[in-house]
Amino acid sequence: MTAAPVVLDVRDLRAYLYTRWGVVRAVDGVSFSLREGETLGLVGESGCGKTMTGLSLVRLLPEPAGRIVEGHVFLEGEDLVTKSESEMRHVRGRRVSMILQDPQTSLNPVFTIGDQILEALRLHHPDGARALAARAEEALRRVKVAAPEQRMRAYPHQMSGGMKQRVVGAIAVAGEPRVLIADEPTTALDVTIQLQYLALLKEIQARTRLAMLFITHDFGIVARMCDRVAVMYAGRIVEAGPMRTLFRSPRHPYTQALMASVPRMEGSVTRLPSIEGQPPPLHDLPVGCRFAARCAYVDDRCRREYPPTMPVGPAHEAACWRVEPSPPSR
Amino acid sequence: MKAVDGVSFTIGRQETLGLVGESGCGKTTTSRLLLRLEEPTAGRVLLDGQDIHALRGAALSRYHTRVQAVFQDPWSSLNPRLRIRDTIAEALVVNRRVTRAGKLERVEEVLHQVGLPLSAAARYPHEFSGGQRQRIALASALAASPELIVLDEPVSALDVSIRAQIMNLLKDLQARQQLSFLLVAHNLATVRYIAHRTAVMYLGRIVEHAATESLYRSPLHPYTKALFAAALPADPDAPRDDMILSGEVPSPIDPPSGCHFHPRCPFAMEQCSRVAPELKTVAPEHVVSCHLY
C-alpha cells in the first residue's frame with residue numbers, strides 16, 4: 001500500500017521570540033510531515049508552541065520579535081524559510097492557507113462577504129466579473145451557506161459565529177491550497193455548530209485532497225478529525241504517531257498524563273487524574289527533559305540530558321529516556 | 001425577549017446542579033438571577049424559603065455571604081491592582097465584625113483550602129497562571145463561608161490538565177464544607193464529574209432535567225441527544241451518533257413558535273410548531289418536555 005505523497009515537510013524548525021525578558025524558544029526543534037489528503041493533529045496545552053508552529057509555517061510570526069532561526073519548511077520541495085516576503089505573499093492563501101480561532105480577525109468588518117471572497121478568488125482565477133461572482137456563490141454553497149446570492153451582500157457582523165467561520169473556510173480554500181492550517185477553528189463555536197463545521201472540513205478535504213494541520217487542545221476533535229497526532233510540550237514534539245495508536249498506547253509520560261486528565265462520557269466519576277505543577281517558561285527552559293519536574297518516572301539522566309526521539313512502534317516515536325525503544329519497521 | 005422562560009429547579013445542600021446548553025439558552029441569565037444581578041420578570045428565587053429579590057438591609061447583606069460566584073474568565077475576574085489578600089478580604093468587608101487580624105487569618109485559611117501557598121497572599125494577579133487565578137477566585141468565594149456557589153463555566157478557559165485539578169478541588173470542597181453548586185457549563189464530560197443532577201436548556205427553557213447518571217445513560221430530548229452527539233468523545237472507537245443538526249441556533253429575540261427546537265429537530269411533528277410541550281415525568285426523577293413522550 002503506497003502512502004500518499006508528502007506535501008509539507010518540516011525539518012528541525014526553530015522559531016524564537018526575542019523579548020526584553022529573554023529569548024522565548026517557542027518552536028524549538030520541531031519536525032513533522034503532512035501528506036496529501038491527511039490530517040495531522042498538533043496537540044498541546046497553552047504555551048506549548050503549537051500556534052507559533054502554525055504561524056512559522058506561513059512566516060507570520062509576530063514582528064519584530066519573532067524569527068525563524070533554523071530549520072526548513074519544504075512545501076512540495078521548496079523551502080518556505082528561504083523565500084522572500086513577496087514570494088510568500090504568493091504562497092499564502094494560494095498554496096498554504098490558515099484559519100484561526102476568531103473569525104473576527106480574519107474578516108474585514110467594513111467589506112461585504114462577497115467582496116472578501118471575490119478578493120481571494122481574483123488572485124487565482126483571471127475571470128470576468130460575472131464568472132467570478134458565480135464562483136463566489138459556489139464557494140459559499142460548498143461551505144453550506146444558505147441563500148448565497150443574498151449572503152454575498154451581507155457584512156460579517158450580520159452573521160453568526162458559525163457562519164463567519166464557514167465564510168473564513170470558503171475564503172481559505174478559494175485558492176485551492178495544498179495545505180490548510182487550522183488553529184483551533186471551532187473553540188469559539190457552540191458544540192452543535194462545531195460538529196457541522198468539522199464535518200464540512202472533512203468533506204472539503206475529501207474533495208480537494210488537501211493536507212491539514214489541525215492545531216487543538218481538544219482530544220475529542222483529534223479522535224474525530226486526525227489521522228496522525230503530534231503532541232507538543234515546551235516547544236518540542238514529545239510524541240507522534242497514528243491517531244489510534246496515541247489513544248490506545250501513548251508512550252510518553254506527558255501524553256499518558258494528559259489523556260488521563262480528560263474527563264470521559266462514561267466510566268467512573270471519582271477522581272480525575274491531573275498533572276501537578278506547570279510547564280517550564282519558554283524563556284527559561286531547563287537542561288534535560290522539559291517534563292522532568294512533573295514526571296512520575298523521572299530519573300537523573302532525564303534531568304541532565306534531553307532525550308532523543310526514539311521509535312516506539314510502527315510510525316510511532318517518543319522523546320523519553322524511560323521508554324523501551326523498538327526497532328523501526330519498514 | 002424571554003431570556004429565561006419558565007425555568008424551575010431546586011438545589012439541595014451539598015448538591016450540584018449542572019445547567020448545560022449552548023449560547024442563547026439562558027443559562028448565564030439564570031445564574032445571574034440567582035446572584036441578584038438580574039431581576040425576574042415573573043417567578044421567584046427562594047433561598048431556604050425566602051424570596052431573595054425581596055430581601056433588604058441586613059438580610060440582603062447576609063444573602064450575599066450565603067451565595068457567591070466564580071466566573072469563566074480568570075484573566076478579568078481579579079482586580080489587577082489589588083494584592084490577592086485584599087481581593088479575598090473584600091468578601092469579608094460585608095461582615096464588619098471581623099477584625100483586621102481576623103481577616104488575614106481567614107485569607108490564609110481559604111488559600112489553604114484551595115491549595116495555594118500562604119505566600120500568594122501578598123502577590124498580584126499577574127504573577128499567577130489561569131488555573132491559579134481560578135483558585136484565587138474560588139478562595140474569594142469561600143471567604144464569606146457561603147452555602148451556594150454559582151460556577152459559571154469555571155474551567156472552560158483552562159488547559160485540560162488544569163481543569164482536572166480544579167474539578168477535583170471543587171469535589172473536595174463540596175464534601176468538606178457541605179457546599180451546593182450551580183454549575184453552568186457547555187462541556188458535558190466536565191459536568192458529569194461533579195453534577196448530581198443536570199438540566200438542559202434551549203432558548204430559555206429547560207427541555208430535560210434528570211439525575212446526571214440517568215440523563216447520560218438515556219438522554220431523551222432530541223436536543224439533548226444532539227448535544228451528546230456533539231460532545232466528541234476522546235476515543236476514536238466510541239460509538240458514533242452523527243446527529244448533525246441543520247441550521248443555526250435561533251435568536252432568543254424571535255424564537256420559533258411552539259416547541260422552540262422544532263425547526264432543527266429531526267423528529268419534529270405537526271403539533272411541534274403549534275404547541276409548546278409541557279415538562280413531563282417519564283422516569284423516576286427524569287423530566288422532559290417533548291411531544292414524543
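**Notes on the predicted complex**

1. Helix H8 (residues 191–208) of chain A packs against H9(B) at an angle of about 55°, and their axes are 8 Å apart. Axes here are lines fitted to C-alpha atoms, for helices over the stretch in contact, and angles run from 0 to 180 degrees between N-to-C directions. H8(A) and H9(B) are therefore oblique to each other; angles under 35 degrees count as roughly parallel, over 145 as roughly antiparallel, 65 to 115 as roughly perpendicular and the rest as oblique. Helices (H or I, at least four residues) and strands (E, at least two) are DSSP runs, numbered from the N terminus.

2. The crossing of H8(A) and H9(B) is left-handed; this term applies if the near helix is turned anticlockwise from the far one by less than a right angle, and right-handed applies if clockwise. H8(A) contributes A:Val191, A:Thr192, A:Gln194 and A:Leu195 to the contact, and H9(B) contributes B:Ala226, B:Leu227, B:Ala229 and B:Ala230. Residues are in contact if their C-beta atoms, placed from the backbone, lie within 7 Å. By class, this contact of H8(A) with H9(B) has six nonpolar, two polar and no charged residues. Ala, Val, Leu, Ile, Met, Phe, Trp, Tyr, Cys and Pro count as nonpolar, Asp, Glu, Lys and Arg as charged, and the others, Gly among them, as polar.

3. The model is predicted: local features need pLDDT of at least 70, side-chain atom pairs count only at pLDDT 80 or more, and totals for chains, interfaces and linings use all residues. Residues are numbered from 1 along each chain as its sequence is written, while chains are lettered from A and ligands numbered from 1 in the order in which they are written.

4. On confidence, the predictor gives the complex an ipTM of 0.83 and a pTM of 0.89. Chain B averages a pLDDT (the predictor's confidence in each residue, from 0 to 100) of 89, with 99% of the residues scoring at least 70.

5. How many residues does each chain bring to the contact between chain A and chain B? Chain A provides 35 residues and chain B provides 31 residues. On the side of chain B that touches chain A, helix H6 (160–177), helix H7 (188–194) and helix H9 (222–230) each supply at least two residues. H6(B) gives the most, with six residues. That side of chain B divides into 19 nonpolar, seven polar and five charged residues.

6. Within chain A, eight strands form an open sheet of mixed pairing, in the order E6-E7-E8-E3-E9-E10-E12-E11. Strands pair if DSSP finds at least two bridges between them. Strand E6 (96–99) and strand E11 (309–313) of chain A are the edge strands, each pairing on one side only. Strand E9 (residues 228–233) and strand E10 (residues 236–242) of chain A run antiparallel and are joined by six bridges.

7. The peptide bond from A:Glu63 to A:Pro64 is cis, with omega near 0°, and A:Pro64 is found in the loop between helix H1 (50–57) and strand E4 (66–75) of chain A. A:Asp12, although not a glycine, has a positive phi of about 45°; its place is in strand E1 (residues 6–19) of chain A.

Methods:
Contact = placed C-beta atoms within 7 Å.
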